[in-house]
Amino acid sequence: MKRRLYRYFFRGLITFLPVFLTLYVLVMFVTWTESVAMKLVHPLTGDFYLPGLGIGLGALLIIGLGALVSRPETARWLSMLELPFNNLPVVKSIYSSLKNFADYFAPHAKSPQQVVLLRMPGNEMGIVGLITRQSMAGLPAELSELEDQVAVYLPMGYMIGGYTVFVPRAWVTPVNMSVEEAMRMALIAFMSSNRTGGTGN
């Protein structure tokens with residue numbers, strides 16, 4: 001009986017936590033955008049305020065910023081704004097890493113993202129990873145000489161981090177899975193849900 005109660009408690013906790021954390025983040029975001037919008041709009045409209053205006057203004061601001069930086073003539077000004085971030089020793093590493101990571105997951109006309117199964121010849125063990133580079137061109141000479149190889153990022157489970165390995169293209173097999181789904185599954189170590197499998201005892 002004690003073991004069953006223990007199992008039920010953790011099943012309930014696992015079911016509750018994702019929902020609670022998601023709602024908590026959404027509530028915090030909505031509260032913040034609404035408070036900012038109220039401070040901006042009240043001097044113009046007085047006591048009149050339309051609920052949800054903060055979310056709308058935030059979305060419009062992000063869309064406007066995206067449209068602005070997409071214009072070719074703004075590239076030079078954007079590079080000037082990024083100048084301090086690209087020159088400070090510690091800030092440069094953090095900023096460039098975050099920017100490259102965000103750009104990798106951003107939509108592209110021809111998406112370079114590919115989930116693959118990495119398996120060494122003669123080894124039955126397989127590792128799910130993401131191809132981050134199809135060609136070694138542009139890298140240092142020691143790496144650019146790696147012909148017909150790809151860079152594969154191997155995410156760790158339960159934490160942010162992973163390894164990047166350079167392997168022959170023949171070692172990887174494409175997997176019919178989106179990058180978002182692969183990262184989500186890697187985060188929980190591809191753990192199966194008791195609701196979709198198992199005996200349920």
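Predicted model: local features only at pLDDT ≥ 70, side-chain atom pairs only at ≥ 80, totals over all residues.
Student: Okay, what does Phe-20 count as?

Tutor: Phe-20 has 40% relative accessibility.

Student: What makes the rings of Phe-20 and Tyr-24 a pair, and which kind of pair?

Tutor: Rings of Phe, Tyr and Trp (its six-membered ring) pair if their centres lie within 6.5 Å; planes under 30 degrees apart count as stacked, over 60 as edge-to-face and the rest as tilted. Here the centres are 6.2 Å apart and the planes stand at 20°, so the pair is stacked. The structure holds one aromatic pair, and both of its residues lie in helix H1, four residues apart, about one turn of the helix.

Student: How many helices and strands are there in the protein chain?

Tutor: Seven helices and five strands. Read along the sequence, the pattern is α-α-α-α-α-β-β-α-β-β-β-α.

Student: Back in H1, is Thr-33 buried or exposed?

Tutor: Thr-33, which is found in helix H1 (residues 2-45), has a relative accessible area of 6%, so by the cut-off it is buried. Leaving aside residues up to four places away in sequence, Thr-33 touches Gly-54 and Ile-55; contact means heavy atoms within 4.5 Å.

Student: What does the side chain of Thr-33 reach?

Tutor: The backbone oxygen of Val-30, at 3.0 Å. A polar contact is a pair of N or O atoms within 3.5 Å; within protein, one must be able to donate a hydrogen and the other to accept it, and residues adjacent in sequence count only if both atoms are side-chain atoms.

Student: What is the strand order in the open sheet?

Tutor: E4-E3-E2-E1-E5, five strands with antiparallel pairing.

Student: Why do E4 and E5 stand at the edges?

Tutor: Strand E4 (162-168) and strand E5 (172-174) each have a single partner strand, so one side of each is left without a neighbour in the sheet.

Student: How do you know which strands pair?

Tutor: Two strands pair if DSSP finds at least two bridges between them. Five bridges join strand E1 (residues 114-118) to strand E2 (residues 127-133), so these two pair under that rule. Val-115 has Leu-130 as its bridge partner in E2. Three bridges join E2 to E3, with Arg-133 partnered by Ala-151 in E3. E3 and E4 pair over seven bridges, and Pro-155 stands opposite Gly-162 in E4.

Student: How many residues of E3 are buried?

Tutor: Seven of the seven in strand E3 (residues 149-155). Gln-149, Ala-151, Tyr-153 and Pro-155 point one way, and Val-150, Val-152 and Leu-154 the other way. Across the protein chain of 201 residues, 15% count as buried.

Student: Which residues of helix H7 are buried, then?

Tutor: In H7 (residues 179-187) they are Val-179, Ala-182, Met-185 and Ala-186.

Student: Why say that they line one face of the helix?

Tutor: Seen down the axis of H7, these buried residues fall within an arc of 130°, so they line one face. The arc is that of the directions from the helix axis to the C-beta atoms. At the start of H7, a side-chain oxygen of Ser-178 reaches to within 3.1 Å of the backbone nitrogen of Glu-181.

Notes:
Residues numbered from 1 in each chain as written. Heavy atoms only, no water. Buried < 20%, exposed > 50% of the residue type's maximum accessible area, 1.4 Å probe, protein only.
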